[in-house]
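Please look at the sequence and the model before reading on.

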Amino acid sequence: MTTQEYNICVQTHTDGIYRFILKNIKDEFEAENIVQNTYEKLWIRKDKIEFKTAKPYLFKMAYHEMIDSIRKQKNRVSFDDIGEIAAEEELYNNTMEVVKKAMNRLPEKYKNVLLLRDYEGYDYRSIGKIMDLSDSQVKIYIFRARKTIKAYLQKLDVLVL
Amino acid sequence: MKLNAKNYEWILFDLLEGNLSHQDELLVMEQIEESEFLFKEWKFLKQTKISADDEVVYSHTSDLLKPLSKKRYFMDYGQSIAASILFILLISLMGPVKLGNNSFLLNSSISNYSPKSTTEEASIPLKKYQQHHGSSTVYISGSSLKKPWTSPF
């Protein structure tokens, strides 16, 4: 990859990576650090990486950086909390807000596959390469993520009614 | 493709994900419209599709960019050095021959110069003029340079 191609990667994929990270880590400063570290690694290895494969490579590096960061912080909400969602008597006017709230309560892997699928439009194979998962695992994770969000929406719908 | 209690979740999921063929999509949609339960399930499942927040952008993108000029400058610099060396070599090889020719021209050819080209033909009207007026010098009549310029104000 040339310097020019590296710069094209910066201009094309940075916002997407930043959104992907920020959805998982609610800390803007930490998300920015992860983006910066990801590009530093890309720059170091740019001679070994082809321009065509740079995008999934970037997301993979960002994903692993993020996992390291999360492990360090260990302040994430566990999947068990999902059962308490229905107890919240919050009313939402905007469905998208509800969906995002539900998504934020998903386990990391479920949330990440869903983000890569819906935000970036990746197919199962590409998501699998980024997250070191098989195609079928990716599909099952997306299925479970959607099912969990759907259940959350249905419970809120019942509460509102 | 018939939806039942066991398979409807996966089939609706495949419909949402675009994993079904066009024909299967139509069949499933028909069944969704016929069943109130499936219609509600589909309605909630469709809402699980999330869209990116386009307002969220990384504000330091320019800091990540790498300058292109450094490498180009180095290449141009290297090329210019190579070109300079080549030029000096060419001059050192060709120079004495050229100078010899030039000195030959300066010493011998100007005094013995007699035009044989089209410039000789071009000088015929001047020669005729000189025969009529008996002078080898031609003045341009009415030249403004003869009078000093004075301001009209």
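A residue is called buried under 20% relative accessible area, exposed over 50%, and partly exposed in between. The model is a predicted one. By these cut-offs Asp135(A), with a relative accessible area of 32%, is partly exposed because the value falls in between.

**Chain B in outline**

Chain B contains seven helices and zero strands. Read from the N terminus, its elements follow the order α-α-α-α-α-α-α. The chain has 153 residues, and 16% of them count as buried. Among the contacts in chain B with a separation of 6 or more, 44% are between residues 24 or more positions apart.

**Salt bridges**

Over all chains, the count of salt bridges comes to 11. Three of them are listed here with the distance between the nitrogen and oxygen atoms.

| Glu65(A) | Lys41(A) | 2.7 Å |

The salt bridge of Glu65(A) with Lys41(A) has 2.7 Å between the closest N and O atoms. It links distant parts of the chain, with Glu65(A) in helix α3 (residues 54-73) of chain A and Lys41(A) in helix α2 (residues 28-44) of chain A, 24 residues apart. Glu65(A) is buried at 14% relative accessibility, whereas Lys41(A) is partly exposed at 30%.

Asp135(A) is partly exposed, and Arg125(A) is exposed, with a relative accessible area of 53%.

Which element holds Glu17(B)? Glu17(B) is placed in helix α1 of chain B. Its relative accessible area is 6%, so Glu17(B) counts as buried.

Another polar contact of 2.7 Å joins the side chains of Glu17(B) and Tyr124(A). With neighbours within four places in sequence left aside, Glu17(B) is in contact with Arg117(A), Tyr124(A), Ile142(A) and Arg146(A). Salt bridges also link Glu17(B), Arg117(A), Asp118(A) and Arg146(A) in a network.

**Aromatic rings**

The count of aromatic pairs over all chains comes to 10. One of these pairs is formed by Phe143(A) and Trp10(B), which are stacked, at 3.9 Å centre to centre and with 10 degrees between the planes. Phe143(A) lies in helix α7 (residues 135-160) of chain A and Trp10(B) in helix α1 (residues 8-17) of chain B, so this pair joins two chains. Phe143(A) is buried at 10% relative accessibility, while Trp10(B) is partly exposed at 32%.

How far apart are the ring centres of Trp10(B) and Phe13(B)? The centres are 5.5 Å apart and the planes stand at 90 degrees, so the pair is edge-to-face. Trp10(B) and Phe13(B) are three residues apart in helix α1 of chain B, and are therefore separated by about one helical turn. Phe13(B) is buried, with a relative accessible area of 1%.

In chain A, ring pairs link Tyr6(A), Tyr39(A) and Trp43(A) into a cluster. The ring of Trp43(A) also has the charged end of Lys46(A) sitting over it, 4.8 Å from the ring centre. Lys55(A) lies over the face of Tyr122(A), at 5.0 Å from the ring centre.

Technical notes: Residues numbered from 1 in each chain as written. Chains lettered and ligands numbered in written order. Predicted model: local features only at pLDDT ≥ 70, side-chain atom pairs only at ≥ 80, totals over all residues. Heavy atoms only, no water. Phe/Tyr/Trp six-rings, centres within 6.5 Å; stacked < 30°, edge-to-face > 60°. Helix = DSSP H or I, 4+ residues; strand = E, 2+ residues; numbered from the N terminus. Buried < 20%, exposed > 50% of the residue type's maximum accessible area, 1.4 Å probe, protein only. Lys NZ or Arg CZ within 6 Å of the ring centre and 35° of its normal. Polar contact = N/O pair within 3.5 Å; in protein donor to acceptor, adjacent residues only side chain to side chain. Contact = heavy atoms within 4.5 Å. Salt bridge = Lys/Arg side-chain N within 4 Å of Asp/Glu carboxyl O.
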